[in-house]
Amino acid sequence: MPVGSQSPKVVALGGGHGLSATLRALRHVSDRLTAVVTVADDGGSSGRLRAELGGLPPGDLRMALTALTDDSEWGRLWAAVMQHRFHSTGPLDNHALGNLLISTMWEITGDSVAGLDWVGRLLSARGRVLPLSTTPLVVEADVSGGTERTVVGQVNVASTSARIERLRLIPADPPACPEAVEAINQADWVVLGPGSWYTSVLVHLLVPAVREALNHTPARRCLALNLRAEKETDGLTAVDHLVALNRHDPELRIDVVLADPSTIEDIDAAEDAARALGASLVMRQVALGDGTARHDPLRLAAAYRDLFDSVVGDVA
């Protein structure tokens, strides 16, 4: 499939390193990309700017924009600029320059989408980056593990050692970014994952207008599984990840579950869990193969290209 006017319109949902891996792969497959990014981060530079300025946390949006920079001298330079962190004994310590740039554009334009679009133009980004919601979100989770309790905040949820049973957002009915909803409705393919399962992936299902769009878009839907469990999903199998998604949105139908063979403990069980979502399980080697839990952008791109070019029933 040549990248160009005939390439598919693809929307990728997530946040952090998982979404960055997806975008670095998808940029080889299509130049009609839209990233819809979670805005619940409350830690580090993003959390400090969110608390001080009262706007959206920019960190995950910065990482998505950086992943879409062109592989040219200009793109590589601006990717380094966006990711650069200050190290000092003052208030700038550990702030990412890209976070400050995005926050500046939001203040100048008074519009979160317009501000991101301007930064994307500066970076010559090969795609558009949009926030999941137009308001900062707070993640809240009911967890079990000795005692039932509630954990509040993305950092706390992501670092909990207890088993997450149910995820919620504050506010409970947050406004979706209208452009994100439109992109999902007009997409050829929607890609969910990989990424922190609860705080980067499933959180998208909790914004009502986005959930409605995901459930009814004519696009095909691909769910990409992680290469290993993270702190918030420690002890969960690939099947458990699929069950958690189904529990948070029983109406959501998936066409393809993409997994690296190394992540599947029980193929029959994984196929059954995928089938319960309406999906085929497709296994492709997409890891770097160096012993780390990192995706190889070219292998992942090849897997997506095969999926986008194929009839779902023929690729399993």
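How far apart are the closest N and O atoms in the salt bridge of Arg-168 with Asp-142? They are 2.6 Å apart.

## About the model

This is a predicted model: local features need pLDDT of at least 70, side-chain atom pairs count only at pLDDT 80 or more, and totals for chains, interfaces and linings use all residues. Residues are numbered from 1 along each chain as its sequence is written, and side-chain values use heavy atoms, with hydrogens and water left out.

## Salt bridges

The structure holds 8 salt bridges. Each is a side-chain nitrogen of Lys or Arg within 4 Å of a carboxyl oxygen of Asp or Glu.

Arg-168 forms one of them with Asp-142. The pair links distant parts of the chain, with Arg-168 in strand S6 and Asp-142 in strand S4 (residues 138-144), 26 residues apart. Strands are DSSP runs of E, at least two residues, and helices are runs of H or I, at least four, numbered from the N terminus. Shared partners join Glu-140, Asp-142 and Arg-168 into one network of salt bridges.

Arg-168 has a relative accessible area of 29%, so it is partly exposed. Partly exposed lies between buried (under 20% relative accessible area) and exposed (over 50%), using a 1.4 Å probe and protein chains only. Asp-142, at 23%, is also partly exposed.

## Helix H11

Helix H11 spans residues 238-248. Its buried residues are Ala-238, His-241, Leu-242, Ala-244, Leu-245 and His-248. Seen down the axis of H11, they fall within an arc of 155 degrees, so they line one face of the helix. The arc is that of the directions from the helix axis to the C-beta atoms.
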